Amino acid sequence: MSECIFCAIVAGDAPASVVLDEPDVLAFMDIRPFTPGHLLVVPKRHASGLAQLDPADGAKVFAAGQRIATAMRSSDLPIDGVNLFLADGVAAGQEVFHVHLHLVPRTSGDGFGIRARAQTPNRTVLDGTADALRAAVESFGA
């Protein structure tokens, strides 16, 4: 995956400010942070999206993210909360096609947030959507 910047970082061929380096996971500072302390956790094994991600690697990414987020809150940085965010696909905002979990430290009034209009579908619509999704999950054997 020579064209993948995150693979280059994992291989040591591109610079990164590393926070955590474990056998299967690497965490490093985002070069375009939303807030101070914003970092990324990536599996060392390339996976362009969630469909390609080995579930064991996904578990390790999330576990590392959870540990780092917990540690962030006790660091010297002014952090009142942490958002974990993973974009899967262009429509979701994914820009680098190597799975990565964003950890975004939060403080009151920092300006970061997900902007959307909440909807209020009725129970029939919710049940129909749940039925469609449940069928999809069952077809994958998950």
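## Strand β3, an enclosed strand

Let's start with strand β3, residues 39-43: five of its five residues are buried, so the strand is largely enclosed by the rest of the structure. Buried here means under 20% relative accessible area, while exposed means over 50% and partly exposed lies in between (1.4 Å probe, protein chains only). Strands are DSSP runs of E with at least two residues, and helices are runs of H or I with at least four, numbered from the N terminus. This is a predicted model, in which local features need pLDDT of at least 70 and side-chain atom pairs count only at pLDDT 80 or more, whereas totals for chains, interfaces and linings use all residues. Residues are numbered from 1 along each chain as its sequence is written, and side-chain values use heavy atoms, with hydrogens and water left out.

In a regular strand the side chains alternate between the two faces of the sheet. In β3, Leu39, Val41 and Pro43 point one way, Leu40 and Val42 point the other way, and all are buried.

## The neighbours of β3

Which strands does β3 pair with? Strands count as paired if DSSP finds at least two bridges between them. Strand β2 (residues 25-29) runs antiparallel to β3 and is joined to it by five bridges. Strand β5 (residues 101-106) is also antiparallel to β3, with three bridges between them.

Leu40 is a handy residue to look up in the model. In β2, Phe28 stands opposite Leu40, and in β5 the residue opposite Leu40 is His102.

## The whole protein

Stepping back, the protein has three helices and five strands, arranged along the sequence as α-β-β-β-α-β-β-α. Its C-alpha atoms fill a box of roughly 50 × 40 × 25 Å along the principal axes. Of its 142 residues, 31% count as buried. Contacts are heavy atoms within 4.5 Å; of those with a separation of 6 or more, 51% come from residues 24 or more positions apart.

The protein exposes about 9,200 Å², and carbon and sulfur atoms supply 57% of that area. Accessible areas come from the Shrake-Rupley method with a 1.4 Å probe, and for residues only the protein chains shown count as cover.

## Charges and salt bridges

The protein has 11 positive and 16 negative charges, and their mean positions are 6 Å apart. Lys and Arg count as positive and Asp and Glu as negative, leaving out His and the chain ends; each charge is placed at NZ of Lys, CZ of Arg, CG of Asp or CD of Glu.

How many salt bridges does a search of the whole structure find? The search finds seven, where a salt bridge is a side-chain nitrogen of Lys or Arg within 4 Å of a carboxyl oxygen of Asp or Glu. One of them joins Glu22 and Arg67 (2.4 Å, N to O). This pair links distant parts of the chain, with Glu22 in the loop between β1 (18-21) and β2 and Arg67 in helix α2, 45 residues apart. Both ends are partly exposed: Glu22 has a relative accessible area of 25%, and Arg67 has 43%.

Another joins Arg32 and Glu95 (3.0 Å, N to O). Here the partners are 63 residues apart, Arg32 in the loop between β2 and β3 and Glu95 in the loop between β4 and β5, and both are exposed. Asp110 pairs with Arg106, with the closest N and O atoms 2.8 Å apart; Asp110 is partly exposed, at 24% relative accessible area.
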